[in-house]
Amino acid sequence: MNKRSSWSLPYLIFMIIFVVLPLILVLIYAFQDAQGHFTLENITRFFSDADALSTFALSLEIAILNTLICLLLGYPAAWILANKKYNRSAVTVVLFILPMWINALMRTLATAELFNVFGVTLGKGTLLFGMAYDYLPFMIYPIYNILSRMDPSYAEAAEDLGATPWKVFWKVTVPLSLPGVISGVMMVFMPTVSTFAISEFLTNNKIKLFGTIIQENINSSMWNYGAALALIMLIIIGITTLFSNDRKSVEGGLI
Amino acid sequence: MKKFFAKAYIWFLLIILYAPIIFIAIFSFSESRVLGNWTGFSTNLYANLFSPQAASATSLFKAIYNTLIIALISAFVSMILGAIAAIGIYNLRNRNKSIMLFLNNIPIINPDIITGVALFLLFVFLHISQGYTTVVLAHITFCTPYVVLSVMPRLTQMNPNIYEAALDLGATPMQALRKVLIPLLRPGMISGFILAFTMSLDDFVVTFFTRGTIGLETLSTYIYADARKGGLTPELRPLMTIIFLTILILLVIFNVRKAKSEKQLA
C-alpha cells in the first residue's frame with residue numbers, strides 16, 4: 001500500500017501555500033518598509049516605542065497572572081473531579097468542559113454584561129476575573145484527563161510505605177500529573193498572551209493588550225509594522241512551545 | 001467533612017462559571033432592551049429571532065446563516081482533505097513523515113492572531129480580494145490539522161493485513177479503499193468533522209482578518225461589532241440560550257453513552 005504515500009501530496013501543497021508561505025510573508029513584511037526595501041526600522045521602532053513596550057509587558061503580565069489563577073483554581077477542581085471518592089458523575093465533568101464549546105466572545109460578553117449590571121467598574125480586575133472565566137475549563141480539562149487515568153496503585157503504594165496524604169499528594173500525584181499541567185498552562189497562556197477583543201470587552205477599551213495593537217496596525221494598513229509585531233509574538237510563542245509539545249494531543253482528544 | 005468541602009468547592013466554581021449564562025438565559029424571556037431591567041415575562045425575543053422583523057434581528061439572522069454555511073463547507077472540505085492526507089502521511093517513511101506532522105502542527109500551535117495576520121498578508125501578497133472564499137480557505141487551514149490528528153490513530157491501530165487480505169481476495173485497490181479502509185476510518189473522520197465544525201463556528205480572529213471589507217459578518221464578528229457599538233442586540237440573548245442548551249444536551253447524551261459503553265466493556 002506504499003504508493004498511497006503520494007496521497008499526502010495535495011495536503012503538502014496546500015500547507016506550503018497556506019501555512020508556510022504566509023509565515024515567510026510575515027518575516028518578509030516585518031523587514032520591509034512600505035516601498036518594499038529591506039529595513040530593520042520596524043523592529044527598532046518597537047523597541048523604542050514606550051507605548052508598545054509597556055503594552056507588551058502588560059500582556060505578558062496579564063497572561064502569566066491569568067495562567068497562575070487558572071492553575072490555582074483549576075488544579076484542586078480537576079483533582080476533586082478525578083477522585084472517585086468525591087465525584088462519580090460524568091455530568092459534573094461535562095459541566096466543566098462545556099464552556100469550551102461555546103463561542104468565547106459570547107461568554108465574554110455575557111460576563112461583561114453581568115459586571116455592568118452589578119455596577120462593577122471595568123478595569124484590570126474585571127479583565128483578570130473575566131479571563132479566568134474564559135480559560136479555567138482549558139486548565140481543568142487536561143489535568144483532569146491525566147489524573148483520572150492515573151493508576152491509583154502508585155498513591156496506595158506510597159501510603160503503604162508510610163507517606164502522609166500530604167506527602168503522597170506532593171511527591172506522587174503532582175509529579176505524575178505534570179504533563180497535564182503543562183498542557184493546561186499552554187492552553188491558557190498561548191491564547192491569553194495573543195488575545196484581542198476579549199480585553200476590549202472586559203475593560204471597556206480601557207486596557208489595550210498586544211493583540212489589539214497588532215490588529216490596529218494591520219487594519220490601518222500599517223502592514224509592515226503589524227507584521228513585525230506579529231513576528232515578536234511568534235518568537236514568544238516559539239519560546240513557550242519549546243517547553244511542551246503536548247498541547248495538540250490534548251485538544252485532539254476532546255471528542 | 002472533606003467530602004463536603006470538595007463538593008462545595010466544585011459547586012462554587014460551577015455557580016460562578018455559569019452565572020453569566022444563566023443571567024442571559026433569564027433575561028432572554030424579557031423584552032427589555034437593557035439587561036438587568038426586568039419588564040415582565042415575554043417570548044417575543046425568541047419569536048423575533050426566528051422570524052426577524054427588526055433590522056438588527058435580520059442582520060443577526062444573516063450572520064448566523066453565514067456562520068453555519070462557512071462551518072459546514074470548511075468542515076466538510078477539511079474532513080476529505082484531512083482523511084486523504086492522513087492515509088498519505090501514514091504511508092510515508094520516517095523523515096518525510098515527521099516533516100508532514102511538523103507542518104500539520106503549525107496551525108494548531110499558532111495563536112489565532114498569527115494565523116489571521118499571516119493569511120491576511122498572503123491574500124494581500126497574491127492580490128486575492130477577500131470575502132467568503134478567503135474565509136473558507138482560512139478555516140480549512142486551521143481545521144484540517146485536527147482532522148488529520150483524529151484520523152491518524154485509526155490508521156495506526158488498524159491491522160494492515162485486513163487491507164492486504166482484501167487485495168488478495170481479488171478486490172481492486174479502489175474497492176479495498178471503499179469497502180475496507182473508509183469504513184475503518186469513518187469514526188475518526190466523523191469526530192474530525194465535528195471538531196472542525198465547532199472550531200469554525202467558534203472562530204473570531206481568523207475570520208476577522210480574512211473577511212475583507214465586503215461586509216461579510218459571521219456570528220462572532222457580528223457580536224464584536226455589536227459590542228463596540230455599545231448596545232447588545234436583545235435577540236442575542238435567546239440565541240445564546242438556545243446554543244447553550246443544545247451543546248449541553250448533546251454533550252450530556254454523548255458522555256452518558258460513552259460512560260455506559262465503557263461500563264459494558266469493563
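Reader: What do the buried residues of helix 10 of chain A pack against?
Author: They pack against helix 3 (50-82), helix 9 (198-203) and helix 11 of chain A, together with helix 5 and helix 9 (205-210) of chain B. This is a predicted model, where local features need pLDDT of at least 70, side-chain atom pairs count only at pLDDT 80 or more, and totals for chains, interfaces and linings use all residues. Residues are numbered from 1 along each chain as its sequence is written, while chains are lettered from A and ligands numbered from 1 in the order in which they are written.

Reader: OK, and which residues of that helix are buried?
Author: In helix 10 of chain A, the buried ones are F210(A), G211(A), T212(A), I213(A), I214(A), Q215(A), N217(A) and I218(A). Buried means 20 or more other C-beta atoms within 10 Å of the residue's own, exposed means 12 or fewer, and partly exposed is in between, with C-beta atoms placed from the backbone. Helices (H or I, at least four residues) and strands (E, at least two) are DSSP runs, numbered from the N terminus.

Reader: Why is helix 10 of chain A called largely enclosed?
Author: Because eight of its ten residues are buried, the rest of the structure largely encloses helix 10 of chain A.

Reader: What follows helix 10 of chain A?
Author: S221(A), with a positive phi near 65 degrees, although S221(A) is not a glycine. S221(A) sits in the loop between helix 10 (210-219) and helix 11 (223-242) of chain A.

Reader: Is S221(A) buried or exposed?
Author: S221(A) counts as exposed, because it has 10 C-beta neighbours inside 10 Å.

Reader: Switching topic, where is H127(B)?
Author: H127(B) is in the loop between helix 5 (112-125) and helix 6 (132-157) of chain B. Its phi is also positive, near 55 degrees, in a residue other than glycine. H127(B) has 6 C-beta neighbours inside 10 Å, so it counts as exposed.

Reader: How many helices and strands are in chain A?
Author: Chain A has twelve helices and zero strands. Of its 255 residues, 45% count as buried.

Reader: What ipTM does the predictor give the complex?
Author: The ipTM is 0.85, and the pTM is 0.85.

Key:
Two residues are in contact if their C-beta atoms, placed from the backbone, lie within 7 Å.
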